[in-house]
Amino acid sequence: MDTNVLYYGDNLTILRHRTEHGDHDYLPDNSVDLVYLDPPFNSQQAYNILFKENDVSWSPAQVKAFEDTWHWGPETERLYRGIVIDGPPRVAQLLAALIGEPENPGGIGRNDVTAYLVMMTVRLIELHRVLKPTGSLFLHCDPTMSHYIKLILDQIFGPTNFRNEIAWKRSSAHSDIGQGAKHMGRLHDIIFFFSKSEDFTANMQFLPYDESYVESFYRHVEPGTGRHYTLDNLVAPGGAAKGNPRYEFLGITRYWRYSQERMQQLHAEGRIVQTKPGAVPRYKRYLDEMPGVALQDIWDDIRPIGSQANERLGYPTQKPLALLERVISFASNEGDTALDPFCGCGTALVAAQKLNRRWIGIDITHLAISVMRKRLQEHFPGIQVKVIGEPEDLPSAKALANQNRYQFQWWALSRIGARPLGEKKKGPDKGIDGVIPFSDEPSGKLKRAVVSVKSGKVGVPALRELIGVLKANQDPIGVFVTLYPPTSPMTTEASAVGFYHSDLWQRDYARVQILTIDEVFQGKQPDIPLPAPSPKADSFEKVVKHGKSIKGAILEKRLPLL
């Protein structure tokens, strides 16, 4: 099984992938130590809307990825029937009861909610299969659907393997009353923790004591050392019934926790204190010897990613790195393999790599694959990131374009280091698909090369649309990426636009550059000025802010060729 690998595609297809002999080859049975998943779901929608409407708004990547999955249709019906016929009987019975059949009316029906549950159920069955007996699953969701998901997890993993419902405080106190809301502030997400068996990996974690707790319970300070301590009980609970020894110590006769010899040793070490004659002796427990507060199921110490956070990538559902580090360090050991089947911008993968775990990521959009690859390369220079499922030649690129032009567009942008603009382009940016920020000025002032990607037959009108944007915005360079070869008039039209001159590098760059996908496969990249010297950036976002284009980073030997 490959590890430290990204898979492009539907995670159900990847999970179920088999060899010609029928064996699971990508993810065999009992092959993964930890699964973390944060499936896309829009918690901002009103709960009852999900039962009636089909216009739920996801991010552009999720819209294209899940538009046929989240609404009940022929594919959902097929998956549901597959669960009923071939799935675990308890799971099939639960789904049938939730959905309701003609012979069993009373369910909630076939709608967006049950379509989502069917989509999740078939994947959770597979994720249970790939987990080792010592493995665990952490599922990130929200209170809108958590009660349904918990029922399904109980049936797949078994109720006795439920370990925790973790509440992560993802937001500060706020209220939507000004917008007409009549509910309390919604501040938390849910993370379900299930193990596959009773014998599972769990590295217990401890958090620092709260300052008020220390002041209340460790208020004593030892003269000379300055160590904080508290006085703890030495009297044994249960007395003789639990076999505890009874004897006289410092004038007090009781049933004690320790033997008389051990008590004498502790007293000689200065660990037993009698505050006054006749007082019951107590044990001196030092604060610096305590591990801290055992990790609880309410996590309010990990803040969400703020608008100015260094790790912020602009990905709509990005989770803090500290959150994933906690999950991975708790439920796995060094060298173990963690799987994230909805890996988005790759926070779980970065955390796994940082903690010396192996990892596998799956996502259905090339946009996410591109972000993950760049992020991993930025955090871990020299890392080799294998991607399975991307086009590797011209025929497979054409196949992707025929299947989904948006995925082709995001893939093509990633191949030249461009940042996508998204689907809704307004005003002067209408007609372009991405940008490559760069700066060839010592001041660091950003400029951009605008990019247009075409997956069909092309002609002069398509090129003129890019030229119009270039001139309207006074952008220095435009890049026209095409799956099919340009026509001779297109080449002539591009040449007529002229050149952009870089004062810093004292050379000219064609203002309109035409790149074919075939040329990109051969290693050709946009001809863009190298960035001006600047402090080395330590995150992908800072690379963009400082104008360090991917091409520039490649030429500086900071990143491998994408």
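User: What does pLDDT express, and over which residues does it stay under 50?

Analyst: pLDDT is the predictor's confidence in each residue, from 0 to 100. In this chain the mean is 85, and 86% of the residues reach 70 or more. Over residues 42-68 the pLDDT is below 50, and this stretch has 45 contacts (heavy atoms within 4.5 Å) beyond near neighbours in sequence. For residues 534-562 the value stays under 50 as well, with 66 contacts beyond four places in sequence. This is a predicted model, in which local features need pLDDT of at least 70 and side-chain atom pairs count only at pLDDT 80 or more, while totals for chains, interfaces and linings use all residues. Residues are numbered from 1 along each chain as its sequence is written, and side-chain values use heavy atoms, with hydrogens and water left out.

User: At what angle do helix H9 and helix H10 pack?

Analyst: Axes are lines fitted to C-alpha atoms, for helices over the stretch in contact, and angles run from 0 to 180 degrees between N-to-C directions. Helices are DSSP runs (H or I, at least four residues) numbered from the N terminus. Helix H9 (residues 321-331) packs against helix H10 (residues 347-354) at about 55°, with the axes 9 Å apart. H9 is therefore oblique to H10; angles under 35 degrees count as roughly parallel, over 145 as roughly antiparallel, 65 to 115 as roughly perpendicular and the rest as oblique.

User: How do helix H11 and helix H13 cross?

Analyst: The axes of H11 (residues 366-379) and H13 (residues 405-415) come within 8 Å and cross at roughly 20°. These two helices are therefore roughly parallel to each other. Their contact involves His366, Leu367, Ser370 and Arg373 of H11, together with Gln407, Trp410, Trp411 and Ser414 of H13.
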